[in-house]
Amino acid sequence: MKSYRKELWFNTTQRRQLINITGDVKKCLTESGIKEGLILVNAMHITASVFINDDESGLHKDFEKWLEGLAPEKPHSQYNHNTYEDNADAHLKRTIMGREVVVAITDGKLDFGPWEQIFYGEFDGKRKKRLLVKIIGE
Ligand code: ZN
């Protein structure tokens, strides 16, 4: 069995941002040379997510509105966590959007359903953060 590991770094311009990382993940898969197996992609921070959904701008605005409805960023004082920090909302958003995704690799490709794309969801950005790509198989 082969294994491959890589960290991908991001520094978003906004506090909250969704980035389509499907191309980066495909590049890792090509680099790994693995044709059959599993690929795991996870955020390495507790205020960011990795998830799979549609790359459609209206939907991305809907995510922002929905998450702000569930866990509004402001006022910061509404959260117990925000004594030395201001990112309680980002921890909550990350939890509901998920930590990681696992995708099957078949014949050297991500074995996706229609419209599936992988996203990095940043909820407390404007600083360097990373995610992990781990691939196992043969
Ligand atoms: Zn925090």
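**View 1. Gly 98 follows helix α3 and has a positive phi, near 95°.** This is a predicted model, in which local features need pLDDT of at least 70, side-chain atom pairs count only at pLDDT 80 or more, and totals for chains, interfaces and linings use all residues. Residues are numbered from 1 along each chain as its sequence is written, and side-chain values use heavy atoms, with hydrogens and water left out. Helices (H or I, at least four residues) and strands (E, at least two) are DSSP runs, numbered from the N terminus.

**View 2. Helix α3, residues 88-97, is mostly covered.** Of its 10 residues, 7 are buried, where buried means under 20% relative accessible area, exposed over 50%, and partly exposed in between (1.4 Å probe, protein chains only). The buried residues are Ala 88, Asp 89, Ala 90, His 91, Lys 93, Arg 94 and Met 97. They pack against strands β3 (37-43) and β4 (48-53) and against helix α2 (57-70).

**View 3. Glu 138 is exposed, with a relative accessibility of 62%.** This residue lies in the segment after β8 (129-137). A negative surface patch is formed by Glu 138 together with Glu 36, Asp 107 and Asp 111. Asp and Glu count as negative, and patches join like charges within 9 Å, using residues with over 30% relative accessible area and no salt bridge. A salt bridge is a side-chain nitrogen of Lys or Arg within 4 Å of a carboxyl oxygen of Asp or Glu.

**View 4. The protein chain contains 3 helices and 8 strands.** From the N terminus on, the elements run β-β-α-β-β-α-α-β-β-β-β. Of the 138 residues, 42% count as buried.

How values were computed: Patches are made of residues with over 30% relative accessible area and no salt bridge: like charges are joined within 9 Å, nonpolar side chains (Val, Leu, Ile, Met, Phe, Trp, Tyr) within 5 Å. Accessible areas come from the Shrake-Rupley method with a 1.4 Å probe; for residues, only the protein chains shown count as cover. The place of a charge is taken as NZ of Lys, CZ of Arg, CG of Asp or CD of Glu. Contact means heavy atoms within 4.5 Å.
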